[in-house]
Amino acid sequence: MRPGSRRGFKFNGSLCWGQRNGLDHIPGKEEQRAMNTNSLWSTHEKSENQHRREICTAGKWMYDRGFIVACEGNISVRLDEDRILTTPTCMNKGMLEPQDLVVTNLEGRQLAGERKFSSEIAMHLLFYHMRPDVNAICHAHPPTTTGFAAAGRSLNQALLPEVIIGLGQIPLVRYATPGTPELSAAIEPFVPHYDALLLANHGAVTCGPDLLTAFFRMETIEHFAKIVLAAELAGGPVLLSSREVAKLMAARTRYFVTPPPGGGAELPETSDTGESSSSHVSLTRNELDALIDEAVRKDRARR
Ligand code: 13P
């Protein structure tokens with residue numbers, strides 16, 4: 001059994017997508033063969049060849065959507081308890097063939113493949129070590145998201161229900177040189193608590209129980225970054241209140257969202273939590289659950 005598979009289905013955060021509500025999304029027959037709605041099911045057993053084809057498809061999607069150019073970005077999946085399948089370094093990830101991919105163990109030792117593994121392998125392995133629920137990682141430099149990261153800004157505002165339900169907020173990790181232990185050290189405190197991170201002056205990294213979910217999270221944060229920018233141009237974002245955020249958090253189970261197992265994630269900035277992220281507090285999972293329960297109870301009593 002693949003790690004995390006016992007957790008079963010985990011929703012990807014898009015409220016109107018997928019087999020569950022009968023909508024078709026995947027473009028092109030070729031891509032449909034490589035990655036389809038079954039890819040959302042972490043219990044779905046796949047061959048190594050299937051994983052190789054899926055990584056090539058996700059790389060092509062990232063390249064076609066402009067999330068990466070030239071040799072940027074990297075993708076990996078967990079093949080089993082001991083092995084990772086990763087993109088090679090210094091190749092265009094939108095033009096990969098299945099045989100270009102590299103297999104390593106969880107210590108980053110190369111086990112198979114002609115090419116050298118990604119220079120960011122340590123960042124990927126950090127997720128796999130710390131998050132048994134994670135089976136896939138996408139790293140990219142989507143322009144709007146990376147613009148926020150280069151401006152020293154997180155995507156932490158309570159603006160869109162889909163983003164709040166699916167991801168909570170997307171924090172900014174301080175800058176460290178790509179591919180170094182310093183970057184892993186900077187990311188480490190965030191890994192148990194978030195499924196998507198902005199990397200200052202660098203890009204973004206997303207994870208998921210399967211590759212399609214990790215890819216969708218990358219797509220979601222870039223879409224969100226564009227909307228935040230548009231809202232700023234249109235006169236300034238209007239933040240939701242913490243009461244509305246509590247209702248969205250309580251609705252997560254309705255959308256099959258399983259939050260990261262670490263708990264303690266910061267809630268997004270709301271209209272009543274002040275202007276600066278320094279006003280945020282850290283909560284344990286239990287404290288957060290108690291707050292949500294209380295908010296929902298008060299809301300019901302008011303009706
Ligand atoms: P790799 O080609 O080594 O995976 O690196 C690409 C990248 O985006 C580094 O940040």
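Which residue in β7 is the bridge partner of V173?

A: In β7, V173 has L199 as its bridge partner. Before we go on, a word on the model: it is predicted, so local features need pLDDT of at least 70 and side-chain atom pairs count only at pLDDT 80 or more, while totals for chains, interfaces and linings use all residues. Residues are numbered from 1 along each chain as its sequence is written.

The protein chain has nine helices and eight strands (DSSP runs numbered from the N terminus: helices are H or I with at least four residues, strands are E with at least two). Now for β7 itself, residues 196–199: A196 and L198 point one way, L197 and L199 point the other way, and all are buried (20 or more other C-beta atoms lie within 10 Å of a residue's own, with C-beta atoms placed from the backbone).

On to the neighbours. Strand β6, residues 172–173, pairs with β7 in the parallel sense over two bridges (strands pair if DSSP finds at least two bridges between them). To get from β6 to β7, the chain goes through helix α6, residues 181–187, in a right-handed β-α-β crossover (with the strands pointing away from the viewer, the path from the first strand over the helix to the second runs clockwise).

Strand β8, residues 203–208, runs antiparallel to β7, and four bridges join them. One of the residues to look for is V205 in β8, the bridge partner of L197. The hairpin of β7 and β8 has three residues between the strands, and N201 takes a positive phi near 55° there.

Definitions and conventions:
A residue is buried if 20 or more other C-beta atoms lie within 10 Å of its own, exposed if 12 or fewer, and partly exposed in between; C-beta atoms are placed from the backbone.
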